[in-house]
Amino acid sequence: MMATSKKILEQEPSEIEMLLPWHAAGTLNARDARRVDEALARDPELARQYAVIREEYAETIHLNESLGAPSARAMAKLFAAIDGEPVRKPSLSVSLSARTSEFFARLSPRTLAWSASLGAVALLLQAGVIGAVLMKNQTGSFQTASLSLNEPSAAPITRDLSSSVAPTRALVRSAPEARIADITALLDNYQASIVDGAKGGMFRLQFGNKAMSKDEVAGLLARLQREKIVSLAVATP
Amino acid sequence: MQVLYGRHHVRVFRFGLRLVRDEQVAEDLISEVFLDVWRQAGKFEGRSAVSTWLLAITRFKALSALRRRKDVELDDEAANAIEDTSDDPEVAVQKKDTSGALRKCMTALSPEHREIVDLVYYHEKSVEEVAEIVGIPENTVKTRLFYARKKLAELLKAAGLERGWP
């Protein structure tokens, strides 16, 4: 029987082989993800190639995150140009509900299931934190709401992997077969909390509140990688 | 618009910068992209994610900017400027060599290979979304990334690094 991966480079790559990068990025649909998982389990050569791809994946994120951000000049230029435009009613918000439905429809079942599961855990954690803060800081004063680009909702979507700043954080992708109980146990075992969610089933976890040495971080990541329900763990600020 | 800009401008900038390799041009690019979004918001029909739409506009404008420039081909000076920023002194010594070489070779890929690697790995775009952004068939997306990776392996091998594939 022919192996899934092709040893002779001149040959055309197999379909599964070509899907590996999307599997590493977590953007395959459930059917293709299952096909790739099965192929990886039976083909060591393919698994070796997948390990190389995961390295490329992590370094691509490092490389892009190292590019920095645009200066305020770009934003000033944009809004000056917009001020110079004829008055119009921006209709980007049209059919918001339709686009929300579309967005969820586009997520693979695996991503959707994971997002929902981890979202639920994150909500519980947030509820606990908010409750604790409210209990601690009941002062009777109030603040008005206002839009600020410093708010998390307006924060740029990036994928930091570059510098290591205390406390220790990691981007973690879970295996498709993981259940919510497994995730909860993992969070407990590592004293971790979810600080951010992202597309593709990748979540940012924070481990405790103290900085770790490089050796400790490396050990932590190695332990995480050995966890049955973790398919990828990389350090992140 | 402020919220949209706030959430997406960094990724748009980085995608543009990887294509045009000039920070000034990339900054001008994002202003043009979001101004286009402001002007054409009514045309966005929600068939794709907002980020996919933004990246497609960015790519179009970056290619237009490149056509206006004479130095379209890889400029060693520009490449070095980008790769230098990717050096991370905190990376462990052994890992550092491999990582640094890998990132250096990534910057040496052709523009069409660079963009597909970035779209899949960094911007987390599916096969269908990359096809939409780049304007090529889905099968071409898959083979193009495969050959981009193969090229990367060749560059690494030339630099003396064997990774076990191919």
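Helices (H or I, at least four residues) and strands (E, at least two) are DSSP runs, numbered from the N terminus. By that rule chain B has 8 helices and 0 strands.

This is a predicted model, in which local features need pLDDT of at least 70 and side-chain atom pairs count only at pLDDT 80 or more, while totals for chains, interfaces and linings use all residues. Residues are numbered from 1 along each chain as its sequence is written, and chains are lettered from A and ligands numbered from 1 in the order in which they are written.

**Two chains**

Chain A holds 8 helices and 4 strands. Read from the N terminus, the elements of chain A are α-α-α-α-α-α-β-α-β-β-α-β. Chain B reads α-α-α-α-α-α-α-α in that direction.

Two terms are needed for the table. A residue is buried if 20 or more other C-beta atoms lie within 10 Å of its own, exposed if 12 or fewer, and partly exposed in between; the C-beta atoms are placed from the backbone. Two residues are in contact if their C-beta atoms, also placed from the backbone, lie within 7 Å.

**Helix 1 of chain A**

Helix 1 (residues 15-25) of chain A packs against two helices. Axes are lines fitted to C-alpha atoms, for helices over the stretch in contact, and angles run from 0 to 180 degrees between N-to-C directions. Angles under 35 degrees count as roughly parallel, over 145 as roughly antiparallel, 65 to 115 as roughly perpendicular and the rest as oblique. A crossing is left-handed if the near helix is turned anticlockwise from the far one by less than a right angle, and right-handed if clockwise.

Take helix 3 (residues 44-65) of chain A. Its axis and that of helix 1 of chain A come within 9 Å and cross at roughly 45 degrees. The two helices are therefore oblique to each other. Their crossing is right-handed. Helix 1 of chain A contributes A:Ile16, A:Glu17, A:Leu20, A:Pro21, A:Ala24 and A:Ala25 to the contact, and helix 3 of chain A contributes residues including A:Tyr50, A:Ile53 and A:Tyr57. The contact residues split into 9 nonpolar, 1 polar and 2 charged. Here Ala, Val, Leu, Ile, Met, Phe, Trp, Tyr, Cys and Pro count as nonpolar, Asp, Glu, Lys and Arg as charged, and the others, Gly among them, as polar.

Now helix 2 (residues 30-42) of chain A. The axes of helix 1 and helix 2 of chain A come within 10 Å and cross at roughly 110 degrees. These helices are therefore roughly perpendicular. The crossing is left-handed. A:Ile16, A:Leu19, A:Leu20 and A:His23 of helix 1 of chain A meet A:Asp32, A:Ala33, A:Arg35, A:Val36 and A:Ala39 of helix 2 of chain A.

**Strands of chain A**

Two strands pair if DSSP finds at least two bridges between them. Strand 1 (residues 168-174) and strand 4 of chain A pair in the antiparallel sense over 6 bridges. One bridge joins A:Ala170 to A:Ala235. In strand 4 (residues 230-236) of chain A, 7 of 7 residues are buried.

**A residue in chain B**

B:Ala65 sits in helix 3 (residues 50-68) of chain B. It counts as partly exposed because 19 C-beta neighbours lie inside 10 Å. Beyond four places in sequence, B:Ala65 contacts B:Val20, B:Val25 and B:Leu29. B:Leu29 is 36 residues away along the chain, with 8.2 Å between the C-alpha atoms of the pair.
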